[in-house]
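This report describes selected features of the structure shown below, beginning with a helix pair and continuing with a strand pair and a single side chain.

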Amino acid sequence: MSVASTVRELRVPDIGDFKDVPVIEVLIKAGDIVSKEATLLVLETDKATLDVPSSLDGVVRELKLRVGDKVNKGSLIALLEASPGENSAPAPSVQSPVAISDVPTEALHAQTIPPENPHLTVDAPRPVRASPSLRRVARELGVDLSRVTPRLPNARLQREDVERFVRAEMTRASARPRDANACVQARPKVDFARFGVIERQALSRIKRIAGANLTHNWITIPHVTNFDEADITELEAFRLRLNHENSKDGIKLTMLAFLIKASVAALQRYPDFNASLDGEEVVYKRYFHIGFAADTASGLFVPVIRDADKKGLLQIAREAATLAQIAREGKLKPDHTQGGTFSISSLGGIGGTGFTPIINAPEVAILGAARADQKPKWGGTGFEPRLMLPLYLSWDHRVIDGAAAARFLAYLSLLLTDFRRALL
Ligand code: CAO
């Protein structure tokens, strides 16, 4: 024999003069056991939040509204299977509207009874006991009160509980590694051996370090790369002539030395490119320490030529050769690679028609040079063979604008085309 139970309607009680009040929280769902006085809904008027309590004990059969719905006195909240012996009771009124800035006096409702029948309430929400004004504060802070635990078991949540929770969350967030990789979803692991024979080798220490830096720079800096080319026909002839003259001294003037010297002149004219971003400030450096990418068996290094503005082409060429040699021997010291203000990656000696270099933070720009090639150029009356050097400038769009980058690269190209201008 079944115990008689009655389905009753739970309706919004008298809410004073308020009309069409939005529901901002629904604290029950089908299957929940509710007790008389337990908070079913939270409403929010423009002046206050209102907890709507239950007028009956029983089990929620069907929920009739959801967050965002607007309600008035008498709006149907849910159908409730009232507990045997439960008579229809007069609906308790909501607490007098609580001004948002008011400190509430006593707890209102909001008690969810622990589930007795697991079939009815598998995922019953954790009971949240909090005053309307605390709920309001939590909403403004984006705090889910069901994750906040009161200091004493089963006690009402207090403002200090929410503050403690927020402090703990902030500490946890700042303790999380600020690795740019963290925002990239890990790729699923692939079993390469399924498809053929493989061999595994650990990344070199340098590749691991450089890889982490490159990934960080690539992800965190809004890169743009400009392309240009310089007519280096005269410059190359000059370089070869000087090398011929200096052949006995053993100093070889390379294209890299000219690129460094021309870059310094362009940096002096456009200081934004010899800068770093520090929070919301740009740091302009009045020194010109130019790094250059050196390819070595154990990976990529970027040794730095210090005060390149105070050095001549031959001295720069000599220092670059020495630093590249030290890099290849794996003997660079921190002092050799620190303090750079701008970098150059020259792949011309190896080949290729172009590439987009990654900025070497905290610098804000990097120059790339690919292999110079003879190209037919219109000379006014006919085509002439000219040695053209492809140039690439990657720049940080937070500090530099496109027009400035185009000017910088055009000026650099002009200097390489007519190197006498670098002396002006
Ligand atoms: N176009 C055509 N030829 C070029 C050239 C260019 N842009 N740049 C250099 N060359 C020629 C040189 O003239 C030289 O020829 P000769 O022996 O006939 O004079 C030859 O190529 C070799 O030059 P080099 O590359 O050894 O010398 P360099 O001073 O120009 O460069 C260095 C030195 C350290 C930059 C270079 O050895 C190097 O390591 N480059 C790789 C940089 C790199 O890895 N960049 C990628 C970074 S991102 O992964």
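Is the crossing of H5 and H6 left-handed or right-handed?

## Basis of the description

This is a predicted model, in which local features need pLDDT of at least 70 and side-chain atom pairs count only at pLDDT 80 or more, while totals for chains, interfaces and linings use all residues. Residues are numbered from 1 along each chain as its sequence is written, and side-chain values use heavy atoms, with hydrogens and water left out.

## Helices H5 and H6

The crossing of H5 and H6 is right-handed (the near helix is turned clockwise from the far one by less than a right angle). Helix H5 covers residues 255-269 and helix H6 residues 313-328; their axes come within 9 Å and cross at roughly 120°. H5 is therefore oblique to H6 (angles under 35 degrees count as roughly parallel, over 145 as roughly antiparallel, 65 to 115 as roughly perpendicular and the rest as oblique).

From H5, Leu256, Ala257, Phe258, Ile260 and Lys261 meet Leu313, Ile316, Ala317 and Ala320 of H6. By class, this contact has eight nonpolar, no polar and one charged residues.

Strands E11 (residues 275-278) and E12 (residues 281-284) pair in the antiparallel sense over four bridges (pairing requires at least two DSSP bridges). Asp278 has Glu281 in E12 as its bridge partner. Two residues separate the strands of this hairpin, and Gly279 in the turn has a positive phi of about 60°.

## Glu236

Glu236 lies in helix H4 (residues 233-245). Its relative accessible area is 17%, and Glu236 is buried (under 20%, with a 1.4 Å probe and protein chains only). Leaving aside neighbours within four places in sequence, Glu236 is in contact with Met255 and Leu387 (heavy atoms within 4.5 Å).

Technical notes: Axes fitted to C-alpha atoms, helices over the stretch in contact; angles between N-to-C directions. Nonpolar A, V, L, I, M, F, W, Y, C, P; charged D, E, K, R; others polar. Buried < 20%, exposed > 50% of the residue type's maximum accessible area, 1.4 Å probe, protein only.
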